[in-house]
Amino acid sequence: MSGPKLHKPSLCLFTILIFLGRAPMAANADELLVSAAASLTDALKEIGVAFQSKSKNKVTFTFGPSSTLARQIEEGAPADIFFSADLLQIDTLDKNGRLEPGSRKNLLSNQLVIIVPAESKLAITSPKDLLKPEVKKIALAEPTSVPVGVYSSKYLEGEGLWGKVKEKVVPVLDVRATLASVESGNVEAGFVYKTDAAISKKVKVAFEVPIEKGPKIVYPVAIVKESKKKEAARDFMNFVLGPAAKDSFKKFGFVIID
Amino acid sequence: MFILSVETWQITLFSLAVGLASTLVILPLGILAAWFFARKEWPLKSVVETFVLLPLVMPPVSTGLILLKIFGRRSPVGRWLYDRGIEIVFNWKGVLVAMAVMSFPLLVRAARASFSEVNPRLEQVAATLGASPVRIFFVITIPLALRGIVAGALLAFSRALGEFGATILLAGNIPGKTQTLSLAIFNFVQLGKDREAYILLGITVVLAFVSVWSSEWLLRSQKRA
């Protein structure tokens, strides 16, 4: 083995020093911190790189469940921008006066889809097909608290199917767990967002819930009131609302709200 | 060299560095606490001991929430620190605090058991020969309990590396800044990037195995000695 000797304690210290000593790049250049829902990771990483090539400001992200991110901002965590995966969290922050008035934009939407294992021969051309006897179990993120579960059950209710489908539902932790259970073939079908279905090769989309019939799924973004870098935050907001960012979001399967 | 990406190296070295720093930070306090628990009696001692051990069994997320409440800008403590330019939330210091709090009980437990096994007569003999209590502590007690202390430190270090729940609440999950091995694995799993997750998982298993195994080996050899 050649190359640097990584076992040396000095290297550990060196690493600590790197993290300690992050000096500001230049005067006026700010480093923004964006709290963003985990499902936005890939799209925002791409947008972050594009933003930094155009702006003097830098941007870093912290990714997590929207509820956790909202909680952190509530406690005064130094985030500059909040990008949530649902309205409830941002509404609460807004009510408590934690967001910059007028900065909030409902930017993205997502589409509900019904997925089946990639090798499945099930033909699901409408939600009614979920009633077929071949469909024994349906994975769904917890239908009372997790947004995607709430959205899916509402949609099925609207179609007059929830009462019957309910018996087949296996409530799971989140979207990721829904994907995993469909991938494994332990359930015949599941409900996820279109952007999530795109990340797994072991599932296929059997049915896309038409946007106009589905529930209104909204990803809002806003500037945090306590941010010390308002100007840079506005700079990033403008970029996120601009055409280049929109292309990235579309590429990862999001729907742009105009 | 290994075919690991720069990002993987960065995450691994960051976890090791902060894990090491956290273990070094808790070491003096942990040794002191363990010695007091092993050698001194005072009213409500068991209550204090239980409090110290609580992070071991509490849901890490709830410990994280308490830490966030304490160090958030909205609290007096967080405010006081913030006014002095120190911010714990959302940077590496948050990772360190979360790791330190969560791994502290493991160090104390092991060190405490080790102190209890030191024969007090040796200390008494040293005292009759005129050694001061501080000198006895450093020359007799610590060396005799050293294996247990190191074993506890290694265990605490392993726990620190595996820390997740408190870290994500207090320090966030910021790639390149606060993302540890555990947080990165979680993130990759969320994104369906299983391959990347498995690589980090492999690294975690190796690191955890080596430190837990060394810890156990030290404890066993102490018993034999």
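Helix axes are here lines fitted to C-alpha atoms over the stretch in contact, and the angles between their N-to-C directions run from 0 to 180 degrees. The exercises below concern a predicted model.

**Exercise 1. Describe how helices α2 and α10 of chain A pack, and classify their relative direction.**

Step 1. Two packed helices are described by the angle between their axes and the distance between the axes. For α2 (residues 41–54) and α10 (residues 243–251) of chain A, the angle is about 155° and the axes lie 9 Å apart.

Step 2. Angles over 145 degrees count as roughly antiparallel, and α2(A) is therefore roughly antiparallel to α10(A).

Step 3. On the side of α2(A), the contact is formed by A:Ala43, A:Glu46, A:Ile47 and A:Ala50, while α10(A) contributes A:Ala244, A:Ala245, A:Ser248 and A:Phe249. Sorted by class, the residues of this contact comprise 6 nonpolar, 1 polar and 1 charged.

**Exercise 2. State which residue ranges make up the two domains of chain A, and characterise the contact between these domains.**

Step 1. The domain assignment gives domain 1 of chain A as 29–109 + 218–256, and domain 2 of chain A as 112–208.

Step 2. Taken over C-alpha atoms, the centres of domain 1 and domain 2 of chain A are separated by 29 Å.

Step 3. In the contact between them, 6 residues of domain 1 of chain A meet 5 residues of domain 2 of chain A. The side belonging to domain 1 of chain A, where it touches domain 2, holds 3 nonpolar, 2 polar and 1 charged residues.

**Exercise 3. Summarise the make-up of chain A, its burial and the sequence range of its contacts.**

Step 1. Chain A contains 10 helices and 11 strands.

Step 2. Chain A has 258 residues, of which 44% count as buried.

Step 3. When contacts in chain A between residues at least 6 apart in sequence are taken, 76% of them join residues at least 24 apart.

Definitions and conventions
Residues are numbered from 1 along each chain as its sequence is written. Chains are lettered from A and ligands numbered from 1 in the order in which they are written. This is a predicted model: local features need pLDDT of at least 70, side-chain atom pairs count only at pLDDT 80 or more; totals for chains, interfaces and linings use all residues. Helices (H or I, at least four residues) and strands (E, at least two) are DSSP runs, numbered from the N terminus. Angles under 35 degrees count as roughly parallel, over 145 as roughly antiparallel, 65 to 115 as roughly perpendicular and the rest as oblique. Two residues are in contact if their C-beta atoms, placed from the backbone, lie within 7 Å. Ala, Val, Leu, Ile, Met, Phe, Trp, Tyr, Cys and Pro count as nonpolar, Asp, Glu, Lys and Arg as charged, and the others, Gly among them, as polar. Domain bounds come from an automatic or database domain assignment. A residue is buried if 20 or more other C-beta atoms lie within 10 Å of its own, exposed if 12 or fewer, and partly exposed in between; C-beta atoms are placed from the backbone.
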